Amino acid sequence: MREPSLAARQIWRTVTIALAVSVVLPPFAAAQPEPTLPELADRLDGLVRLYRTESIERAVDGLAEFVVLKRSRAAAQRWFSVPEHPSADRRVQLEAGLMLYSESLGRIWWNELHPYGPASPYIPTLIDLEERLRDLDRDSPFLRNWYLYWEAFGHAVVSRPLPSALDFLDEALRAFPDDSDVLMAAGSRFELRWWFADENGHRDPRPSGAANDGLLVRARDYLRRGVAADPTHIEARLRFVRVLLELNDLDAASQAVATPHWSSPDPTMAYLASLFEGELRQRQGNYEAAVRSYESAIAKSAQAQSARVARAHLEHAMGSRADAAAIVIEGVSSASTENDPWWVYVRGQLWHFDGHLRRLRLMVRR
Amino acid sequence: MKLVAAGALAFTLIVAPAAQTPRFRSNVAVVRVDALVTDGRRPIGGLTAANFELRDNGVLQKIVDVHFETLPLNIFCVLDVSASVEGHPLLQLKDGMSALIDTLTGGDRAALLTFSNRLQLHTRLTGDRDRLRSAAKAVKATGSTALFDAIFAGLALREADEGRPLMLLFSDGKDTASWLSASKVIDAARRTDVVVYIVAARSAVALQPPWTRSLSSRLQRPSLIERAAEHFLEELADATGGRVVFTDIETPLREIFLDTLDEFRRRYVISYQPTDVAAGGWHAIDVRLRGRSGQVKARRGYADSR
């Protein structure tokens with residue numbers, strides 16, 4: 001006889017478990033007294049303390065069991081209101097609670113193909129916690145970092161956008177209107193959405209005044225404000241220039257690179273600055289300057305391919321086929337696994353995710 | 001006429017420096033046009049120069065040579081190995097490559113370039129089948145999709161020799177990581193004589209149950225070919241005189257690859273020396289049949305890059 005398929009076995013297993021649970025569990029469950037609201041609130045308090053002081057993994061697992069309980073949200077709201085903690089500790093406890101909910105929901109969103117169902121029990125309390133913390137101190141360093149962390153997470157799951165209820169960008173901009181990191185994150189969001197937009201399938205720069213460039217215009221405006229807030233912020237400036245190139249505004253891009261701040265000791269940022277400047281010079285018809293910029297990028301990253309592709313394309317367009325072939329061969333013959341800064345750049349704020357998470361954990365874990 | 005010379009000069013159109021004349025003279029350059037002639041879907045064989053009419057920028061040209069199934073092939077296999085190809089599709093891809101390698105004959109050569117976000121040239125053009133087989137076996141799937149960059153790299157690898165350049169491109173998704181834009185790649189394709197055949201698989205990745213997929217592939221944007229991506233692939237094939245074959249990920253690639261190669265072998269290579277046309281710039285080419293019915297598919301023109 002043929003072995004049943006994996007899917008058939010999965011279905012059979014699920015049906016068997018469901019039957020067993022429906023037969024065995026009800027009398028057993030009926031025998032258990034239902035936890036009271038204060039007991040549930042204590043349970044959540046314990047999970048948050050576990051997250052703060054011991055095991056993040058165990059706290060996340062425990063929360064998964066907690067959030068599916070009928071009165072978990074009510075219990076969480078009771079827990080918010082427990083007045084016995086000194087105020088400073090209470091705030092850290094609430095911050096840790098927000099982190100626990102954020103990490104738990106984030107893991108589901110990250111791992112599941114269709115996260116809406118499994119993630120939904122976490123959403124109301126996460127929103128409640130953010131609001132409660134905002135009421136306590138709307139421009140606290142913790143909230144600033146959390147907004148940036150949550151935005152970076154949103155960029156990681158851009159193909160499965162978070163529901164609008166979990167969009168805190170407007171809150172971040174209201175609380176930190178002149179913060180260059182927050183403004184850059186906002187600009188980066190719209191740049192990223194443009195990158196993945198269906199109408200941008202060809203990745204060509206927009207012709208002047210083209211329709212459907214609203215995402216790019218919003219990106220440009222936030223990034224312009226980010227650069228104005230901190231002219232030395234190299235990533236904000238890089239993204240500003242890149243968006244201007246996408247909008248075909250070469251004059252504005254030229255102005256934005258004509259500053260001593262268009263350089264960075266960070267090799268990733270320095271590589272991208274040279275790459276973008278090469279593109280700018282090429283589109284301005286200054287091929288010698290473009291070659292210099294691409295060469296400068298190549299010198300900064302031995303394994304990066306984007307600058308080599310750009311340089312080879314320039315040679316090819318100018319009719320130097322042999323040179324183009326040589327550059328391509330040099331660039332694609334290695335089996336390196338090193339990341340090209342360009343590939344990371346196009347994922348928006350994702351590259352900051354780990355840093356934000358680390359900082360937030362440090363703030364709440366004692 | 002020696003075809004080696006024709007191949008070396010084709011589309012580079014090398015002429016004596018400081019030439020004063022704005023028009024091509026005889027004996028300065030040979031242009032080679034790869035053309036598929038079909039009656040419906042079936043390739044037509046047995047045609048000679050007398051059966052073709054070729055115009056360069058509207059000017060009727062004298063055809064000096066027509067070759068059919070005689071010239072060796074230079075096949076640039078440019079294969080998408082992004083995360084969405086992981087599993088069964090990758091096995092299909094390797095099987096297709098293996099079948100293709102088995103059919104190489106005589107002076108045929110192949111190169112293998114794979115791409116995810118990173119491009120990797122596993123082997124340059126070679127007739128060494130063992131080397132090609134071991135290169136194809138070693139391929140792994142991971143990462144996002146730098147489709148445009150990979151196509152450009154494949155075009156740039158074209159070597160100036162007598163072999164007929166074919167790019168066999170396989171992809172199951174839209175671009176997510178390239179530096180170059182689609183227009184730049186189309187322009188580059190127009191500047192070469194590489195014929196691009198594309199096997200575009202519509203991935204069912206979004207429909208697969210999660211437990212059959214790895215974590216890395218779950219993180220990828222579902223790689224369904226969207227309208228813009230399809231349009232780009234059709235534009236690319238059209239610009240180079242090639243063709244797009246849309247398939248689903250379950251269809252064995254072996255048969256598609258072999259059919260594609262078979263069709264490519266049964267194309268004509270038409271050579272002519274441009275006469276009475278202005279040198280430089282874009283030259284539109286129009287190839288038609290004379291005295292019989294059928295469809296001709298060839299590149300739309302070439303760039304004289306002097």
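**Entry 1: chain A overall**

What percentage of the 366 residues of chain A count as buried? I looked it up in this predicted model, and 52% of them do, where buried means under 20% relative accessible area with a 1.4 Å probe and protein chains only. My ground rules: this is a predicted model, local features need pLDDT of at least 70, side-chain atom pairs count only at pLDDT 80 or more, and totals for chains, interfaces and linings use all residues. Residues are numbered from 1 along each chain as its sequence is written, chains are lettered from A and ligands numbered from 1 in the order in which they are written, and side-chain values use heavy atoms, with hydrogens and water left out.

I found 19 helices and zero strands in chain A; helices are DSSP runs of H or I with at least four residues, strands are E runs of at least two, and both are numbered from the N terminus. Its accessible surface comes to about 17,000 Å², with 55% belonging to carbon and sulfur atoms (Shrake-Rupley method, 1.4 Å probe). I also checked contacts, meaning heavy atoms within 4.5 Å. Of those in chain A with a separation of 6 or more, 70% come from residues 24 or more positions apart.

**Entry 2: a covered helix**

I picked out α13 (residues 250–257) of chain A, where six of the eight residues are buried. They are L250(A), A252(A), A253(A), S254(A), A256(A) and V257(A). These buried residues pack against α12 (234–246) and α14 (267–283) of chain A.

**Entry 3: cores**

Next I went for the largest nonpolar core, which has 150 residues. Such a core is a set of buried Ala, Val, Leu, Ile, Met, Phe, Trp, Tyr and Cys residues joined through side-chain atoms within 4.5 Å. Among the members touching the most others are W146(A), W342(A) and F232(B). Helix α10 (residues 180–196) of chain A gives the largest share, ten residues. Another core, of 34 residues, lies apart from it and includes L90(B) and V245(B).

I then followed W146(A): leaving out residues up to four places away in sequence, it touches L98(A), M99(A), S102(A), L126(A), E130(A), F168(A) and L360(A).

**Entry 4: sheets in chain B**

I traced an open sheet of six strands in chain B, ordered β8-β7-β6-β9-β10-β11, with mixed pairing; strands pair if DSSP finds at least two bridges between them. Edge strands β8 (119–126) and β11 (243–248) each have a single partner, so one side of each is left without a neighbour in the sheet. The twist averages 10 degrees from one strand to the next.

In chain B, β9 (residues 164–171) and β10 (residues 195–202) run parallel, joined by six bridges. L168(B) has Y197(B) as its bridge partner in β10(B). Helix α4 (residues 147–156) of chain B packs on this sheet, its direction making about 165 degrees with that of β9(B). Helix α8 (residues 253–265) of chain B packs on it as well, at about 155 degrees to β9(B). Axes are lines fitted to C-alpha atoms, for helices over the stretch in contact, and angles run from 0 to 180 degrees between N-to-C directions.

I also noted an open antiparallel sheet of four strands, β4-β3-β13-β15 (chain B).

**Entry 5: where the chains meet**

How many residues does the contact take from each chain? I got 44 from chain B and 43 from chain A. The two chains bury about 4,100 Å² between them, 57% of it on carbon and sulfur atoms; buried area is the accessible area (1.4 Å probe) that two parts lose on being put together, summed over both. R118(B), W179(B) and R191(B) supply 22% of the area that chain B buries against chain A, more than any other three residues.

Terms used: Buried < 20%, exposed > 50% of the residue type's maximum accessible area, 1.4 Å probe, protein only.
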